[in-house]
Amino acid sequence: MRRIIPIAVGTTVLAICLVLLRPANSPSSSTTVSPRLISVQRFPENGLCLPDEAASTAAAAPPESLLRLFGSSSAYAASQKSGEMADIGRPPVRTIRDTYPTYSFVAVDNQHDEVVLQDLNLWSIRIFNRLENTPPGAPPSVPRRLIQGPKTDIQFNNGMYIDPKNGDIYSVETDTGDKVVVFDRAKQGDVEPTRILRVPHRGFSLAVDEDKQELYVGVQYPPQIPVYRKTASGDEKPLRSLQGESTRLSDTHGVALDTKKKLMFVNNWGHVSDYLTAGTGRFEEASISVYSLDATGDAAPLRVIQGPKTQLNWPAAMSLDPDTGDLYVANDVGQSILVFKEADHGNVAPSRVIKGSKTRLSYPTGVFVDAKHKEVWAANFGNATATVYPLSANGNVAPVRIIRSAPEGYEGLRFGKVEAVAYDSKREEYLVPN
Amino acid sequence: MSHPQIAAFARLAKENTPPTRTLIGQKTLISRTMHAFDYDAVHDEIVVNSPLAQAILIFRGGADGEEPPVRYIQGPRTQIVGTGYGALDAVTVDGINNEIFLPVASNSVLVFDRSATGDVAPKRVLHGPDTQIQFAAPGDRGALPAVGVDPMHNLVIVPSRNSLLIFDRNAGGNAKPLRVISGPKTELGGGKPHVYAPKGWIVAMAARGSIGVWSINDNGDVPPRWRIPVTKITGMNVNGVEIDPVHKELMVPTGNGNTVFTFSVPEIFD
């Protein structure tokens, strides 16, 4: 009985098999070789095989006995020789990528009747007519304007804010960009930002207090909420910052402000550690913590929404209805928009949940309350769409409009910074993280 | 970062092919960008960091959806610490020898028993001036590299400041490296090195957006034997590499293009 053995750690078990297949006179580890002198050794037609008993023994064997186990005294290993180097210039044989936008955030410009979508796959900002609607079967909608290109400094941007007076677009980069870029409303193409503000690494969300002209930046880790002058640029320091163990900030994502009641809402994924101290990591449940609008330093939250009833599951952007105080949460993996009452606290269920197959929600990470038109928007990370609902929507409701930027029924790859890949040899699958 | 999923794709997937499964959600304890992780084929497990929570997560190999890890390592005894900037985002598993290697801030490589769970101390720590390991400190603006393991020749390859330090796999304490690949000719580019043990090749990132291949027996200022100039070919950057010896392919992820390229390179594996 023989069976096919998966490739261990990309190398190990295959290495064992190849030792078995190696001719008796093949070079030992002490032999000096160049790449061009290596012989071709084909795998057997019936797969890469080890006897069952040998396979199980190999997995349990101490390392020094592995070679002995297979009757070999050493394994071949190349060694230093001539210093020759050969370039392999062939193009890739396959490419995995998503050629459509991946929408992470959405915001509405009511002055100009436009909606702005942040795309972190193709590194763009796409501006559509607010009433744009892509009917079923129609080709993808084309944006009115597109901001994209190396001059824009747009990369893995998430949080956006649209100035309600002049339509300026604020966008924060989530990875190594470490900046907020600001574009004049009318800019398009490959253009430099009007203004750049350097912010801490891992900025995720933006909110603005227009009364005080202050810009809030939600920073994922080390979790903090620095607050800047709205017009700050360059290396300008924040006016204040909320940060510390007492804040209960943890892997911070969405931020929303209620300037009437002077409150700040922040959601947290519950991944906690003090990066300066070893072994301080711990996991908590996702939460929404509520602070005074002017909270600073290591201030404790006024109250916290947390627990299994909340349904929070990788909460992302948040948006507040200024008329009712209702807090809308883009609940990514929950495939839902959660609505909490402003005074909610503890383990409380949302008062409304937009969720279900009719909603067309697909991993929503962006949400925006358009109080003027009594609508709520979702940016769907999973299917290159933005969907719009009545502000009072609840349950499994169909969107009133959809902006679709990919073919009907498209399922996106949901890539968001692909920096590694591991090979699952058992299933012949690539494992690709964001 | 939005949506820090681990997505599985069929090996022959192409543009716009959706994942066959994704590991996502609060229950997974996944937190943010993972710069290097491993699939352990011996035990059919995925080993990955939770970068913001100083933890190592171990999942079933076939884990799907909102599936929690089967175990995780985290706590005061673990000595796990990353950096504020780069967090803790690279881990390596040696399924043959049942060990997990975790580089941590302040110039150390922690080695855990693969089956360890909870708040456990590492079984050994590679650390000290003679090791020549130079990683970022917790407060530095830097990230931590992953190590490569060669269980056949009993070696561990530690990237450190444009060098590859080659240690005995069982090295601990203030051990000296057996060999050091370092110098301008090496064109080393950082990132996780992979070892193709049957040939003794080290496959790792090289300068100017390339993948290079060195030998485990190299020592000193040695150029790579082969170089795949990925950026020159594709116009995109290089953030890592993985090897598939059966199909004689290299996989190269590129962060700035949200893309995974596959290169056929039989000459490296033949």
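What is the mean pLDDT of chain A, and what percentage of its residues reach 70 or more? The mean is 86, and 81% of the residues of chain A reach 70 or more.

This is a predicted model: local features need pLDDT of at least 70, side-chain atom pairs count only at pLDDT 80 or more, and totals for chains, interfaces and linings use all residues. Residues are numbered from 1 along each chain as its sequence is written, with chains lettered from A and ligands numbered from 1 in the order in which they are written.

**View 1. Confidence across the complex.** pLDDT is the predictor's confidence in each residue, from 0 to 100. Chain B averages 96, and 100% of its residues score at least 70. In chain A, pLDDT stays under 50 over residues 1–77. For that stretch the model has 129 contacts beyond four places in sequence; two residues are in contact if their C-beta atoms, placed from the backbone, lie within 7 Å. The predictor gives the complex an ipTM of 0.98 and a pTM of 0.89.

**View 2. Chain A and its elements.** Chain A has three helices and 32 strands. Helices (H or I, at least four residues) and strands (E, at least two) are DSSP runs, numbered from the N terminus. Of the 434 residues in chain A, 50% are buried. A residue is buried if 20 or more other C-beta atoms lie within 10 Å of its own, exposed if 12 or fewer, and partly exposed in between, with C-beta atoms placed from the backbone. Among contacts in chain A with a separation of 6 or more, 53% join residues 24 or more positions apart.

**View 3. The contact between chains A and B.** Chain A brings 98 residues to the contact and chain B brings 116. On the side of chain A that touches chain B, α1(A) gives the most, with six residues. That side divides into 54 nonpolar, 26 polar and 18 charged residues. Here Ala, Val, Leu, Ile, Met, Phe, Trp, Tyr, Cys and Pro count as nonpolar, Asp, Glu, Lys and Arg as charged, and the others, Gly among them, as polar.

**View 4. A strand pair across the two chains.** β4(A) pairs with β21 (residues 259–264) of chain B in the antiparallel sense, over four bridges. Two strands pair if DSSP finds at least two bridges between them. A:R97 stands opposite B:T259 in β21(B).

**View 5. An open sheet in chain B.** Four strands run in the order β11-β12-β13-β14, with antiparallel pairing. β11 (148–150) and β14 (179–182) of chain B stand at the edges, each with a single partner strand, so one side of each is left without a neighbour in the sheet. β11(B) and β12 (residues 155–160) of chain B pair over three bridges. B:G148 stands opposite B:I157 in β12(B).

**View 6. The loop around A:E411.** A:E411 is found in the loop between β30 (401–404) and β31 of chain A. It counts as partly exposed, with 15 C-beta neighbours inside 10 Å. Leaving aside neighbours within four places in sequence, A:E411 is in contact with A:G382, A:N383 and B:P18. A:E411 and A:R90 are 321 residues apart in sequence and 31 Å apart in space, C-alpha to C-alpha.

**View 7. The largest nonpolar core.** This core has 201 residues. A nonpolar core is a set of buried Ala, Val, Leu, Ile, Met, Phe, Trp, Tyr and Cys residues joined through C-beta atoms within 7 Å. A:V106, A:F265 and A:V367 have the most contacts inside the core. Residues touched by A:V367, not counting those up to four places away in sequence, include A:Y328, A:I337 and A:W377.
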